Each structure stands twice: as C-alpha cells, then as structure tokens.
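Subject: A structure to look at

Hello,

Here is the structure I promised to pass on to you. Have a look through it first, and then read on for what turned up.

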Amino acid sequence: MVGTEYLNAGDHVVQFYGHDEELAEQVVRYLLEALGGGGVAVVIATPEHRREFEARLTRALGGGADLAAAQASGTYQALDASETVRELMTGGQVDPAAFDRVIGGLIRQAGTGGRPVHAYGEMVALLWDDGLVNAAIELEAMWVELGRTHSFSLFCSYPAGSVTGVGYLDAFAAVCRLHREVVGLSPAGASGAGQPGAVRTFAFSRDAPAVARHFTVGTLHDWGAGDIADDAALVVTELAANAIVHAHSAFTILLSARGDLVRISVRDASPLPGAPGTAGVAGAALAPAPLHGLGVVDALASRWGVESLGTAGKTVWVELCR
C-alpha cells in the first residue's frame with residue numbers, strides 16, 4: 001500500500017478503498033499535510049464524505065475554529081462532487097472548456113504565490129457509478145494534462161467493488177495507468193467472480209520490461225499456471241519493450257484467466273494511426289515480423305490483437321492456451 005507521504009507536487013494517486021473508514025484515514029492525513037505545510041487543501045466530495053473528513057480535521061486541528069479559519073482564509077476549500085460534475089458535463093461527456101474554467105481556475109487560484117496544493121476528488125467515482133466509465137477516464141486524463149502546466153498533487157478514490165467488476169478490467173487498467181501510485185489495490189478477482197485477475201502499472205523506465213516479466217511470471221505461478229510462465233514471460237517482455245521503446249510511455253499489464261486460457265493485455269499511451277475507437281484484428285494493426293518482436297507473440301499466441309483507445313492509446317492483447 002502506498003501512503004500519502006509519496007504525494008508531492010505533480011503526483012497523481014488513486015485509492016481503491018473497501019470502506020469509508022479506510023478512505024477517510026488516508027484522505028485526512030493527505031489534507032493535513034497541506035494545511036500544516038502552508039498549503040491549500042481542496043476537497044471535491046460527496047456531502048457524507050465531506051462531513052466525515054471535516055469532523056476528523058476538526059479533531060486533528062484542535063477545534064472547529066481552526067477549520068473555520070482555514071475555510072475563511074481559503075486554505076481549505078470544499079466543493080460538492082455531484083454539483084461540480086454537472087458543471088463539467090455536456091451531452092454525457094466532460095467538456096474540456098468547462099474543466100479548465102471550473103477545475104483549472106480552482107487550482108490556479110489555490111496555487112497563488114507558489115503555495116503547495118493538495119486536491120482530493122471523487123467526481124470520477126460518481127461518473128463510474130453512473131455507468132459513464134469513459135467519461136471518468138476522460139476526466140482523469142484532463143487532470144493529468146492540468147498537472148503538466150500547474151504544480152499540485154491529486155488524490156482520487158473509487159470504491160474497490162465498483163471498478164473491479166465483470167467487464168471493467170480494461171477500464172480499471174486505464175485508471176491505474178493514469179496515476180503514478182495506487183493505494184489499496186487488491187487485484188485478485190478483478191476479472192470477475194471466480195476468475196483470477198491482476199493489474200499493475202509500470203512507469204516509463206528502462207527497467208520496466210524486466211520488472212513486468214517478473215510480475216507476470218510470479219502471478220502465473222501463484223495461480224498454478226506455471227506451465228505457460230515461460231511463454232508469458234516472452235510475450236510480456238516483447239510488449240513491454242514495445243511500450244517503452246516505440247510508444248515512449250508507461251504501460252499497464254492486465255492478466256486474467258478463464259478456463260484453459262490466460263489473457264495478457266498491455267496498454268500504453270501511444271494511439272494507433274487511423275480512426276480512434278476502432279479495434280484491430282489479430283496482426284492487422286501491428287504486422288508481426290518472423291521470429292522477433294511481435295513475430296514471437298504471433299508464434300506463441302492462440303489469438304492476439306490490437307484495440308484502439310482513441311487518443312488515449314492502445315491495448316495489445318494476447319491469449320495463451322494452457
């Protein structure tokens with residue numbers, strides 16, 4: 001588990017929490033770091049969560065007067081998550097101009113004079129729970145873009161049960177990839193009831209393919225699928241290396257098992273050429289070269305393919321038969 005001590009300016013962390021007590025403990029510690037360090041704490045949450053956070057902050061700060069003073073001075077700012085989401089949405093999608101006006105304006109004002117800003121938000125979780133999963137991912141991506149031009153740290157949260165359900169594994173990986181650190185991730189069962197699954201995001205680094213290989217092999221041995229661990233290691237090494245060398249991005253690995261099949265998906269931030277949102281057939285979008293690169297993938301896989309994620313990148317998936 002990653003603690004909030006890892007949250008510095010520019011960091012983007014997500015917590016998948018099992019219960020509200022677990023969430024409140026992490027969020028309040030994160031907010032106190034800003035309030036105690038001459039910074040600004042921004043909270044965009046539901047009324048229930050805001051009440052719990054503020055009760056804990058009051059106790060930690062030594063009384064309600066101190067929290068009221070922080071509110072009056074603008075060093076503690078709280079918004080309603082549902083109302084803020086409504087301000088950002090147009091036609092079921094997040095409006096980039098509205099995001100810049102509402103959220104960008106808030107962050108710019110909070111950081112006046114170089115003050116450190118700690119923002120906590122759960123708008124993405126509300127969108128996800130409403131079935132607007134793509135909109136939640138779009139909103140996450142907008143936060144990332146804002147972080148490229150403004151110095152602040154961001155803590156997002158999702159109920160773990162919402163994001164690890166059947167059919168959400170790819171979107172779950174997208175959320176992980178858009179964050180630098182993950183708190184409280186419990187990947188077991190991420191691919192559905194009775195179906196083992198694991199997700200991990202790897203930073204853009206030269207060592208990432210080797211670390212990804214060890215993660216994959218270890219996971220398959222834990223699942224009792226060590227008979228295909230060598231093949232999986234080759235596949236993951238090739239796909240991870242492609243993400244680092246050619247896509248020049250961090251990447252997320254999704255592992256899932258169903259019956260005699262193990263599926264490996266590697267998602268990176270480099271879009272496919274052509275129309276966004278289209279799905280490639282095996283070998284169509286990335287032609288394999290014999291016996292090296294994706295030729296190895298083609299030789300080992302029972303099936304493989306490439307799916308476009310539009311401007312967000314792509315996923316290369318491979319199925320190995322045990």
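In what follows, helices (H or I, at least four residues) and strands (E, at least two) are DSSP runs, numbered from the N terminus. Counted that way, the protein has 12 helices and 13 strands. Please keep in mind that this is a predicted model.

**The chain as a whole**

The protein has 322 residues, and 48% of them count as buried. If you take the contacts with a separation of 6 or more, 71% come from residues 24 or more positions apart.

In soluble globular proteins, nonpolar side chains tend to be buried together. Here the largest nonpolar core is made of 47 residues. If you want a place to begin, the residues with the most contacts inside this core are Phe16, Leu88, Ile103, Met123, Leu139, Trp143 and Tyr158. Which helix gives the most to this core? That is helix 7, residues 133-149, with 8 residues. Another core lies apart from this one and has 31 residues, including Leu255, Val262, Val266 and Leu272.

**A cavity and a pocket**

How many cavities of 30 Å³ or more does the structure hold? There is 1, and the volume of the largest cavity is about 40 Å³. Its lining is formed by Gly121, Glu122, Met123, Val124, Trp143, Leu154 and Cys156. Two of those names, Met123 and Trp143, you have already met among the residues with the most contacts inside the largest core. Helix 6 (123-129) and strand 7 each contribute at least two residues to the cavity lining. By type, the lining has 5 nonpolar residues, 1 polar and 1 charged.

The largest pocket holds about 1400 Å³ of space. It is lined by 42 residues, and the closest to its centre are Ala174, Cys176, Arg177, Leu178 and His179. Helix 7 turns up again here, giving the most to the pocket lining with 10 residues. Helix 9 (169-177), strand 8 (181-183) and strand 9 (197-202) each supply at least two residues as well. The pocket lining divides into 22 nonpolar, 10 polar and 10 charged residues.

Let's start with Ser157, in strand 7 (residues 153-159). Is Ser157 buried or exposed? Its relative accessible area is 1%, so Ser157 is buried. The side chain of Ser157 makes a polar contact of 2.6 Å with the side chain of Tyr120. Beyond its neighbours within four places in sequence, Ser157 is in contact with Gln15, Tyr17, Leu23, Tyr120, Gly121, Glu122, Val124 and Ala125. Of these partners, Gly121, Glu122 and Val124 are also found in the lining of the largest cavity.

Leaving out residues within four places in sequence, Leu31 is in contact with Ala41, Val42, Val43, Leu57, His118 and Tyr120. The C-alpha atoms of Leu31 and Ala119 are 8.0 Å apart, although 88 residues separate the two along the chain.

Gly74 sits in the loop between helix 3 (64-73) and strand 3 (76-80). Because its relative accessibility is 17%, Gly74 counts as buried.

Thr219 belongs to helix 10 (residues 208-222). With a relative accessible area of 10%, Thr219 is buried too. Not counting residues up to four places away in sequence, Thr219 touches Ala198 and Leu255. Leu255 is one of the residues of the 31-residue core.

Finally, there is His248, in the loop between helix 11 (229-247) and strand 10 (251-258). Most residues other than glycine have a negative phi. His248 has a positive phi of about 55°, although it is not a glycine. Is this residue buried or exposed? At 56% relative accessibility, His248 counts as exposed.

Terms used: Residues are numbered from 1 along each chain as its sequence is written. This is a predicted model: local features need pLDDT of at least 70, side-chain atom pairs count only at pLDDT 80 or more; totals for chains, interfaces and linings use all residues. Side-chain values use heavy atoms; hydrogens and water are left out. A nonpolar core is a set of buried Ala, Val, Leu, Ile, Met, Phe, Trp, Tyr and Cys residues joined through side-chain atoms within 4.5 Å. Buried means under 20% relative accessible area, exposed over 50%, partly exposed in between (1.4 Å probe, protein chains only). A polar contact is a pair of N or O atoms within 3.5 Å; within protein, one must be able to donate a hydrogen and the other to accept it, and residues adjacent in sequence count only if both atoms are side-chain atoms. Contact means heavy atoms within 4.5 Å. On a 1 Å grid over the protein atoms alone, a cavity is a set of points where a 1.4 Å probe fits but cannot get out, and a pocket is an open set with protein on both sides within 12 Å along at least five of seven lines; lining residues have an atom within 4 Å of a point. Grid points are joined across faces, edges and corners, and a volume is the space filled by probe spheres set on the points. Ala, Val, Leu, Ile, Met, Phe, Trp, Tyr, Cys and Pro count as nonpolar, Asp, Glu, Lys and Arg as charged, and the others, Gly among them, as polar.
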